[in-house]
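This report looks at strand pairing, core packing and aromatic contacts in one protein model. The sequence and the structure come first.

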Amino acid sequence: SVQCRVSGRASGMQVLELSLGEGGVMSYSGVQIEYVATGRVASVSPSSGVVTGGTVVTLVGEGFVAGRTGCRFGSTESVEADVMSSGVFTCVAPAGVVGVSSLYVSSSFVEQGTMEGVWQGTGLQFQHVSAASITQAWPSVVDVEGGSVISLVTVGVPSSASGIECV
């Protein structure tokens, strides 16, 4: 087995040959590899989700292609993206452990659950947080018209959380 570094070329299928040094013997195998342009991600929303997985994450940027775009959250296996346009796609965050993971995308996604393809770091992060739960609420009786303010004792809700809604 031999490894070599390929030079940049235009997107698409390109013939790959091997040269044994400058002026050396050149292969003529006709083997092709595919060059793909890497999509670029500018933002991710939301940037956190529960450890049990299932959070739908929207990524905005450019260069995304349906059937060829995927996501990876840290070192987890890849998931296929649902591409809405060349600038917007969604991925469902897999289950993870509490903490921050780097977010990777691929414009050459091959198969769910693999690392195959060209993966690029986005510079963005996703945080897995504990699933939230309510252990106590008061008052425990409220008006059917709604609008009552309820105090909660919770687990898995950071003290800095905002935008909390009771449903």
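The sections below take up the basis of the model, the strands, the core and the rings.

## Basis

This is a predicted model, in which local features need pLDDT of at least 70 and side-chain atom pairs count only at pLDDT 80 or more, while totals for chains, interfaces and linings use all residues. Residues are numbered from 1 along each chain as its sequence is written, and side-chain values use heavy atoms, with hydrogens and water left out.

## Strands and sheet

Strands here are DSSP runs (E, at least two residues) numbered from the N terminus, and two of them pair if DSSP finds at least two bridges between them. An open sheet of 5 strands runs in the order S4-S11-S10-S6-S7 and has mixed pairing. Strands S4 (48-50) and S7 (79-80) stand at its edges with a single partner strand each, so one side of each is left without a neighbour in the sheet. The pairing of S4 with S11 (residues 119-129) is parallel and extends over 3 bridges, and within it Ser-48 has Gln-127 of S11 as its bridge partner.

Strands S8 (residues 82-85) and S9 (residues 88-92) pair in the antiparallel sense over 3 bridges, forming a hairpin with 2 residues between them. In this pairing Asp-82 stands opposite Thr-90 in S9.

## Nonpolar core

A nonpolar core is a set of buried Ala, Val, Leu, Ile, Met, Phe, Trp, Tyr and Cys residues joined through side-chain atoms within 4.5 Å, where buried means under 20% relative accessible area (1.4 Å probe, protein chains only). The largest such core has 16 residues, of which Val-57, Leu-59, Cys-71, Phe-73, Phe-89 and Cys-91 touch the most other members. Two or more residues each come from S3 (40-45), S5 (56-62), S6 (70-73), S9 and S10 (99-106).

Leaving aside neighbours within four places in sequence, Cys-71 is in contact (heavy atoms within 4.5 Å) with residues including Leu-59, Phe-89, Cys-91 and Trp-119.

## Aromatic pairs

The structure holds 2 aromatic pairs, defined by ring centres within 6.5 Å and called edge-to-face when the planes are over 60 degrees apart. Phe-64 and Phe-89 form an edge-to-face pair at 4.4 Å centre to centre, with 65° between the planes. Phe-64 lies in the loop between S5 and S6 and Phe-89 in S9, so this pair ties together parts 25 residues apart in sequence.

Phe-73 and Phe-126 form an edge-to-face pair at 5.1 Å centre to centre and 75° between the planes. Phe-73 belongs to S6 and Phe-126 to S11, so parts 53 residues apart in sequence are tied together.

How values were computed:
Helix = DSSP H or I, 4+ residues; strand = E, 2+ residues; numbered from the N terminus. Buried < 20%, exposed > 50% of the residue type's maximum accessible area, 1.4 Å probe, protein only. Phe/Tyr/Trp six-rings, centres within 6.5 Å; stacked < 30°, edge-to-face > 60°.
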